[in-house]
Amino acid sequence: MSKKTPRIYIPAATMRQMTLANMQKRPDKPVYRYKAKDGTIIDVTYSEFHYRCETLMSAIKNRGLSGKRIAIIGETCPEWLEFFMAAVSANAVAIPLDRELLITEIKGFLELSKADAIVFSPKYSKKYHELSEIGALDSLEYIIPLSFDEIGEVSDERVISLEKFTEGAEPEDIQPSEIMRQKPRGDMSVMLFTSGTTGTSKCVMLSERNIMSCATASCSVVNFSEDDVILSVLPIHHTYELTITFAEMLYGMTICINDSLKNVSKNLKLFQPTSLALVPLFVSSFNKKIWDEAAKNGKERQLKIGMTASNAMRAVGIDRRSKIFEDILSAFGGRLNKIICGGAAMDPELTKMFDAIGIEVCEGYGITECSPIIAVDPYYNRKYGSVGPAAPCCEVKIDGDMTDDKGRIIGEILVKGENVMIGYYDNEEANDNAFTDEGWFRTGDVGYMDSDGYIFITGRKKTVIVLENGKNVFPEEIEEYLLKIDNIAECVVVGREKDGAVALTAVIYPDFSAYPDGEPIDNIAADIKKQVLELNRRLPSFKQIRNIDIRKTEFEKTTSKKIKRFLVK
């Protein structure tokens, strides 16, 4: 376990203060590093990044978008973050959208959020035509593709290049001291949609204060420093990745961009990061590769002996992990020594395994509505199986009257603090249900706290299915799609564990009247499976049904004819 050391970071309250302070302190240091199309490595310095944000902020104001809403969609790239930060700093509202959404879902979210403009990342610009064809962009004032190579020439005057959008824009003539005196926005700065269709998703309203309080709180408990280099693997629209990115910038780190999930191994070796921010699926995959490689080379027993010996030496203050596991660590670039993991439950055994080879894994816990960080297991005093105590930006308490065999109170985890959202946009009923009368946010998660204030999560109260990759899947959404298949009468989607992973399983009661009398159940199951596979082709990979369970009887229902979901396992 690492010793506690002073945390040295920029205590910025606003995004603008953060970029200004970095520009002054480390102007020529790369904030971003990534591969161009031709394979060359591009650096964006902190000075360049600040100038671009300031120029974009000016352009947003010049174009009359201050106070309006700007959607941003696509892969991680410097321009994505620059637009996000510039929008917030220009008193506009940023709307990050998941690039894996269906075209119809994007249309619905643009309508629900009442977006005034949209920014397409370079790789996502080609989606312009599909969205245009279904009228998804009709109400927008500006459409800003960051790459015209992907869309070609268009006659729509609203479609404008980044160069044209920023034409005539100059950074504001303002004293740095005045910027440093500014307070973070407390009004709605960001609109984030939870997973789901336009009918089941909720729009979370966050402020700049919410996000920056989380980023600052992370800095105080995460073992980063300005010397660290991180490989950005998770999607930038996810609040976890976004807030951790701000924490990295507060530290003054260099952020390398992973261009594809297929290239993670290559990019680890190319950029040689010291740190990673991941979801458990990645850690689990890394672990499997380590053991598979050891088995393939006949070194499985040698690896186990090495871990046992390493742990014994560390117990008496001798650390030889970098030497003993040099071959394994080289696969991660040779410098990786810490991983921050959140977004889903983490197997404590994985934490112990990576500790043994020299990579410190700290688990965190959060939810979009809390910007998203609620707790982090501190590097200097970790407890296996815990997500740590409440982060400095909030308070946590357990709402329950149940006790376990050790006398610990188990109940719903409640949160109050600077990280808690403003509320759900245009959804009074959801807001009423989300908060207690005393203003505590209901997470929907169940757990307990030990005598040191460390939080242990024991279950999920909500119906949401949390996958190992951190994605949240609302079963009601998938059920909507399934019920559009004529031969399905009723269905419930559940998450069932298979081979150590959660697989989406559709429990289906067929419409038997759609089949000839006496049709064998195997034939009916095969027909439905075929139609579900067709549905899967239209869904993002993380929402696809992996298993089908056919029922011969209807689901048990309440008097109001609602399926008793809790009976379906």
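# Report on the predicted fold of a single chain

The chain contains 18 helices and 24 strands; helices (H or I, at least four residues) and strands (E, at least two) are DSSP runs, numbered from the N terminus. The model is predicted, and local features need pLDDT of at least 70, side-chain atom pairs count only at pLDDT 80 or more, while totals for chains, interfaces and linings use all residues. Residues are numbered from 1 along each chain as its sequence is written, and side-chain values use heavy atoms, with hydrogens and water left out.

## Overall dimensions

A compact globule of 569 residues would have a radius of gyration near 25 Å, and the value of 25 Å for this chain agrees with that. The radius is taken over C-alpha atoms, and the globule rule is 2.2 Å times the number of residues to the power 0.38. The C-alpha trace spans about 80 × 70 × 55 Å along its principal axes.

Of the 569 residues, 53% are buried; buried means under 20% relative accessible area, exposed over 50%, and partly exposed in between (1.4 Å probe, protein chains only). The accessible surface of the chain is about 25800 Å², and carbon and sulfur atoms contribute 48% of that area. These areas come from the Shrake-Rupley method with a 1.4 Å probe; for residues, only the protein chains shown count as cover. Among contacts with a separation of 6 or more, 66% join residues 24 or more positions apart, where contact means heavy atoms within 4.5 Å.

## Strands and sheets

An open sheet of eight strands has the order β2-β1-β10-β9-β11-β12-β13-β14, with mixed pairing. Two strands pair if DSSP finds at least two bridges between them. At the edges stand β2 (41-45) and β14 (373-376), each of which pairs on one side only. Within the sheet, β9 (residues 229-232) and β11 (residues 275-278) run parallel and are joined by two bridges. Leu-231 stands opposite Leu-276 in β11.

Strand β5 (residues 117-120) is covered on both faces. Ala-117 and Val-119 are buried on one side, and Ile-118 and Phe-120 are buried on the other. In a regular strand the side chains alternate between the two faces of the sheet. Four bridges connect β5 with the parallel strand β3 (residues 69-73), and four bridges connect β5 with the parallel strand β6 (residues 142-145). Val-119 is the bridge partner of Ile-72 and also stands opposite Ile-144 in β6.

## Aromatic pairs

The whole structure holds 14 aromatic pairs. Rings of Phe, Tyr and Trp (its six-membered ring) pair if their centres lie within 6.5 Å; planes under 30 degrees apart count as stacked, over 60 as edge-to-face and the rest as tilted. Two of these pairs are set out below.

| Pair | Centre distance | Plane angle | Arrangement |
|---|---|---|---|
| Trp-80 and Phe-84 | 5.7 Å | 10° | stacked |
| Phe-286 and Phe-332 | 5.1 Å | 80° | edge-to-face |

Trp-80 and Phe-84 both belong to helix α3 (residues 78-89) and are four residues apart, about one turn of the helix. Both residues are buried. Phe-286 lies in helix α11 (residues 280-296), whereas Phe-332 lies in the loop between α14 (326-330) and β12 (338-341), so this pair ties together parts that are 46 residues apart in sequence. Phe-286 counts as buried because its relative accessibility is 8%, and Phe-332 is buried with a relative accessible area of 5%.
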